[in-house]
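Q: Hey, I'm new to this one. Can you walk me through it?

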Amino acid sequence: MESRKLAALLSSLVSQLLLILLLIFPPNSLHPNSFHSNSTDSTTFSLIHHFLFSQQTAVTTTLSRRKRKRPKHHHRLIPNPDWFPNTFLMTSSTFEWLTNLLEPLLECRDPSYLFPLNLSAGVRLGIGLFRLANGSDYTQISNQFNVPVSAAKFCVKQLCRVLCTNFRFWISFPNGNEELKSVAQNFESLSGLPNCSGVVFCSRFEISSSSPSSQQHQQKQSTIAAQIVVDSTCRILSIAAGFFGHRTDSTILKGSSLFNDIEEGNLLNDSSVNGVNQYLIGDSEYPLLPWLMVPFADNVTVSGSVEENFNAAHELMRIPAFKTDASLRKWGVLSRPVCEEIKMAVAYIGACSILHNSLLMREDFSALVSDFEHERKSVNPFVLEDDPLKTSKALAMRATLATMAKKIS
């Protein structure tokens, strides 16, 4: 085996073994007394820890002298099959794929105050994912990976920045009619309703701040909202995060670029199917528009009527939205109040959403929930619009769709 290939293979093995050992046996997790009562264990870990760091440094130094070529085959050292999904919400193969993909971006431009950082792309990714997947604070991450708190913060922010800047294209509204037709066909197979292009909903995430200067301001803005559109497979097609949580879904929609793009004819502008134009669906918190279908109010539905069938089909089509919302909250950092500034909370929402789509793309369902709670809410009359013509068109289109809805048992 050529020396450069051997060095690359050693680097890959050492990096993964180091990451696993640091997570399973963090040096700070040993009780202080254990250094006296069980000196063999602590000494062994210290030797392994020193060996791994010294070997990683030696290999990295060798590789830096020549252009590095990746080995075609990697050995993965995994304690058990569930370790990676439980720790990072992804399989080991996805972790390795993501490491290789992000390596050039994660290993560049280290800040001067941390130089030299001497952390491989795999360890940097592991630190960032550990924060996102578990919601662990920076002190816990520092102890777990044996790095300074400042390095842990940098790695987490770096991962979020790389994902939200360089891979935001993983979240994109279908710009081709063929792709939108595929989305519509999947929804139609569920409900019988043709030409649906997605489900729009809002998720709200808690934020908190211990800063005295922002305490009064924070009390008024205890949540931030994200407007999300998904298809029938829970793939996120559009997301806009950072709205004040106290705003209504309707207000958030009208303040979004999605609303402007559709109103200006840049989206959902394809030809109609059976007299039905392309549209989204949403709950009764949204206005009824020619391109946004909301359910009939409970007080106008009759048992066995087409309106009842439409509402049942409408509810079925919104299940991907409920499932996506629950899956995003499976990421530990979003499952509890984010104790950081708002822009960092927005970065977490964006990073977790991008990772959500990348996992679906790889058919890795580690972060996708299978069971989630959902209770049907009473349907109130939709939000009235100021434009009677729009309302008239929307009412006519919904009436047409109601006659097409499958009877959901």
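Here is a short chat about the sheet, a helix pair and the model's confidence.

Q: What should I know before I start?
A: It's a predicted model, where local features need pLDDT of at least 70, side-chain atom pairs count only at pLDDT 80 or more, and totals for chains, interfaces and linings use all residues. Numbering starts from 1 along each chain as its sequence is written, and side-chain values use heavy atoms, leaving out hydrogens and water.

Q: What order do the strands of the open sheet have?
A: The five strands go S3-S2-S1-S4-S5, with mixed pairing. Strands are DSSP runs of E, at least two residues, and helices are runs of H or I, at least four, numbered from the N terminus; two strands pair if DSSP finds at least two bridges between them.

Q: Which strands stand at the edges?
A: S3 (236-244) and S5 (292-293). Each has a single partner strand, so one side of each is left without a neighbour in the sheet.

Q: And how many bridges join S4 to S5?
A: Two, and the strands run parallel. Leu 280 has Leu 292 in S5 as its bridge partner.

Q: New topic: at what angle do H5 and H6 pack?
A: About 105°, with the axes 9 Å apart. Axes are lines fitted to C-alpha atoms over the stretch in contact (heavy atoms within 4.5 Å), and angles run from 0 to 180 degrees between N-to-C directions. That makes H5 roughly perpendicular to H6 (65 to 115 degrees).

Q: How confident is the prediction?
A: The chain averages a pLDDT of 81 (the predictor's confidence in each residue, from 0 to 100). Over residues 27-78, though, the pLDDT is below 50.

Definitions and conventions. Angles under 35 degrees count as roughly parallel, over 145 as roughly antiparallel, 65 to 115 as roughly perpendicular and the rest as oblique.
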